[in-house]
Amino acid sequence: MPAESFTFEVTRTSNADAATLFALVSDGARWSEWAKPLVASSSLVKPGADAPNGVGAIRKLGAGPVGVKEETTAYEPDRRHAYKLLTPGPVSNYQAEVRLESRAGGGTQLTWRGTFDERIPGTGKIAQRGLAKFIGAVADKAIKAAERK
């Protein structure tokens, strides 16, 4: 029986511009500066081919055995940042993207969408709720940090 797939989506609006938000969400090495306590430590493990945080970049979020590694799969400055999870965990094939759209009256709409397969049958809905809550909290912290700049 194939694993069931799940998605989640978090949408937020910000007074900050897309460039400021993109700089924050795409620079995984600096997440711990603005996303604490959700992300206690962060680092760039391997730079991307064309930009330090570009396609192929690998970031580590968290410390020690609870840390996760993610690889950048799309890097479109001020518009889109996508990544996939490299570290095995309670879900498999996790991929997500952050889309940034300038709003007519100023500011930005941030849409963070993720997909994954459940690793253990029956756990997908719990993981979906947990990931949506976690990503929502990270998005809120990114917006607060961007609006302070």
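Contact here means heavy atoms within 4.5 Å. The structure is a predicted model, in which local features need pLDDT of at least 70, side-chain atom pairs count only at pLDDT 80 or more, and totals for chains, interfaces and linings use all residues. Residues are numbered from 1 along each chain as its sequence is written, and side-chain values use heavy atoms, with hydrogens and water left out.

Asn53 lies in the loop between β2 (42–46) and β3 (58–61). Strands (E, at least two residues) and helices (H or I, at least four) are DSSP runs, numbered from the N terminus. Beyond its neighbours within four places in sequence, Asn53 is in contact with Ser26, Asp27, Gly28, Leu44, Thr72, Tyr75 and His81. Asn53 has a relative accessible area of 13% and is therefore buried (under 20%; exposed is over 50%, partly exposed in between; 1.4 Å probe, protein chains only).

Glu97 belongs to strand β6 (residues 91–102). Its relative accessibility is 16%, so Glu97 counts as buried. Outside four places in sequence, the contacts of Glu97 are Arg80, His81, Ala82, Thr111, Trp112 and Arg113.

Helix α3 (residues 124–148) has 25 residues. From first C-alpha to last, α3 reaches 36 Å, close to the 36 Å expected at 1.5 Å a residue (1.5 Å times one less than the number of residues). Buried residues of α3 include Leu131, Ile135, Val138 and Ile143. Among the elements covering the buried residues of α3 are β1 (5–14), α1 (18–26), β5 (80–85) and β6.
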